[in-house]
Amino acid sequence: MSSCEISIVLRPDYEGDQIENFVPAPRSVPTEPFTLSIIDNGKPKAKQLLGELASLLEDRFPIANVELVSKSSAGKPLEADVAQSVAARSRMVITGIGD
Amino acid sequence: MAEQLNLSGTEAVEYFFDRGWTDGLPVIPPTPDLVEKSLGVVDLAPDAVLGSVPERDRHLTAEKAAINSVMAGCKAEYFPLVVAALEAILDPQFNAHAVMSSTGGAALCLIVSGPLVEEHGFFHLNNALGSGSRANASIGRAVRLVAMNVFGARTGVMDASSIGHPGKYSMVLAETTPPTGWPTFVEELGAPTGSTSVTVLAAEGPRQIANHLNPDSRGWLLTIASAMRCPATFTVGKGAQVAVVLGYEARESLAHDGWSKDEIRSFLAEHSRISAEELESAGVLLELDGAHNMAPEEDGLLPSVSSPDDILLVTAGGPGAGWSAYMPAWAPIQHSRVTSRLVTKAGHSEIIGGKDV
């Protein structure tokens, strides 16, 4: 059979990406004092950048205190138990930072 | 089961380009009969899971691995080795998510050791890291196509490589028989006689190392160590796993002079250490307040490799004027570790060498 006669080929990519009816959590502006947590990914100057961002947020929201959590590797997610602990004691979390 | 597409051979090649399912080169259209042939060699069900990348909520089935293996140009008999390589890549210690997405642009470098090197016709002497061998080219290409197609490691999607390097098409290093008295790579992993291993390193591009005139074998090692402590390499001063390829003249000279592989690793680890002043004189600022602690140690120096055991010492390359090579890991050891698997005739591969290599 020559290559021109091929009639069926198989799809090579991932076929399981089916996100349906994604609904984000409701957004609300906090009015009571709360804890802001920031997650430093370990990259140079991430702490400083996130610290500045926290300062700007303190001007806008009733932030009682800011907690910093540092990861050991930017290439790995926060450990599940640490993430749960942060979520339990924080009203707001900044979780993303790039290079 | 994978979706079936009704396309002629010519149409398929262009359709796969249009869908972004290639590495930039034409692929072999993955017909059901070719895919079944590969799956038959390993006796795995199409929906058998070889591993996953949890951060991407994606898993790899044997069928998708076989489809991409066919596309890469692999013979069916290569498929057990492809399975072993992919299962090593999907070991959590390797951290495939970060390796495949980082701006550092790592290759999925495979190191193959054992009888399958000769059986499949890998280049392990001349052009050991060059072109011309179907096994070297297509097996490395297969794992890259899986990364792209199954795990989304594509430009503009989930591969943020700033520069990348040609090893991202394929990067396979096959070990040639070491000089008498030295263990093979697979023997160092602790495998039974007759085994073939696949080890995966998230690698920067290879550096060729020249030493053409020095009759002293210690001189060979000093030259290699100097390449390993180049300040421009991201991991220098931080500590990582690296592969060192001992070319023909280097390995023969070193073995003749009585060096063992352990002694070579210790020498290279010690002599690739670098001072803060050398790094700073090259314009490199030390990271002191992040994940990489670059505070000099008691001797005032910083490591380029994490430990002697983190040097993957591989014999490869043909005779010439005196060439060796070196490939550093793309990132320090806390971000990714080398993983190894033994190739099996059927079914899943076997875990081997779980400590440092």
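Reader: Which residue is the bridge partner of B:Ala210 in β12(B)?

Author: B:Trp323 is the bridge partner of B:Ala210 in β12(B). Strands (E, at least two residues) and helices (H or I, at least four) are DSSP runs numbered from the N terminus. This is a predicted model, in which local features need pLDDT of at least 70 and side-chain atom pairs count only at pLDDT 80 or more, while totals for chains, interfaces and linings use all residues. Residues are numbered from 1 along each chain as its sequence is written, and chains are lettered from A and ligands numbered from 1 in the order in which they are written.

Reader: How many bridges join β7 to β12(B)?

Author: Four, with β7 (residues 207–210) of chain B antiparallel to β12(B). Strands pair if DSSP finds at least two bridges between them. Strand β8 (residues 242–246) of chain B is also joined to β12(B) by four bridges, again antiparallel. There, B:Val245 stands opposite B:Ala325.

Reader: How many residues of β12 are buried?

Author: Five of the six in β12 (residues 323–328) of chain B, so the strand is mostly covered. Buried means 20 or more other C-beta atoms, placed from the backbone, within 10 Å of the residue's own; exposed means 12 or fewer, and partly exposed is in between. Over the 357 residues of chain B, 53% count as buried.

Reader: Changing topic. Into which domains is chain B divided?

Author: Domain 1 is 7–204 + 336–357 and domain 2 is 206–328. The bounds come from an automatic or database domain assignment. Their C-alpha centres lie 26 Å apart.

Reader: How many residues does the contact take from each domain?

Author: Domain 1 of chain B gives 26 residues and domain 2 of chain B gives 20. Contact means C-beta atoms, placed from the backbone, within 7 Å. On the domain 1 side, β6(B) gives the most, with three residues. By class, that side has 16 nonpolar, six polar and four charged residues. Nonpolar covers Ala, Val, Leu, Ile, Met, Phe, Trp, Tyr, Cys and Pro; charged covers Asp, Glu, Lys and Arg; the others, Gly among them, are polar.

Reader: And the largest nonpolar core: which residues touch the most other members?

Author: B:Val82, B:Ala85, B:Cys109, B:Leu110 and B:Ala243, out of 112 residues. A nonpolar core is a set of buried Ala, Val, Leu, Ile, Met, Phe, Trp, Tyr and Cys residues joined through C-beta atoms within 7 Å. Helix α4 (residues 79–89) of chain B gives the most to this core, with nine residues.

Reader: Where does this core lie?

Author: Between domain 1 and domain 2 of chain B, because both give residues to it.

Reader: What is B:Ala85 in contact with, leaving aside neighbours within four places in sequence?

Author: B:Leu110, B:Ile139, B:Val143, B:Val198 and B:Val200.

Reader: Now chain A. How many residues does the contact take from chain A and from chain B?

Author: Chain A gives 26 residues and chain B gives 35. On the chain A side, β1(A) gives the most, with three residues. The classes on that side are 11 nonpolar, seven polar and eight charged residues.

Reader: In what sense do β1(A) and β1 of chain B pair?

Author: Antiparallel, over three bridges, with β1 of chain B at residues 4–6. A:Leu10 stands opposite B:Gln4.

Methods:
Two residues are in contact if their C-beta atoms, placed from the backbone, lie within 7 Å.
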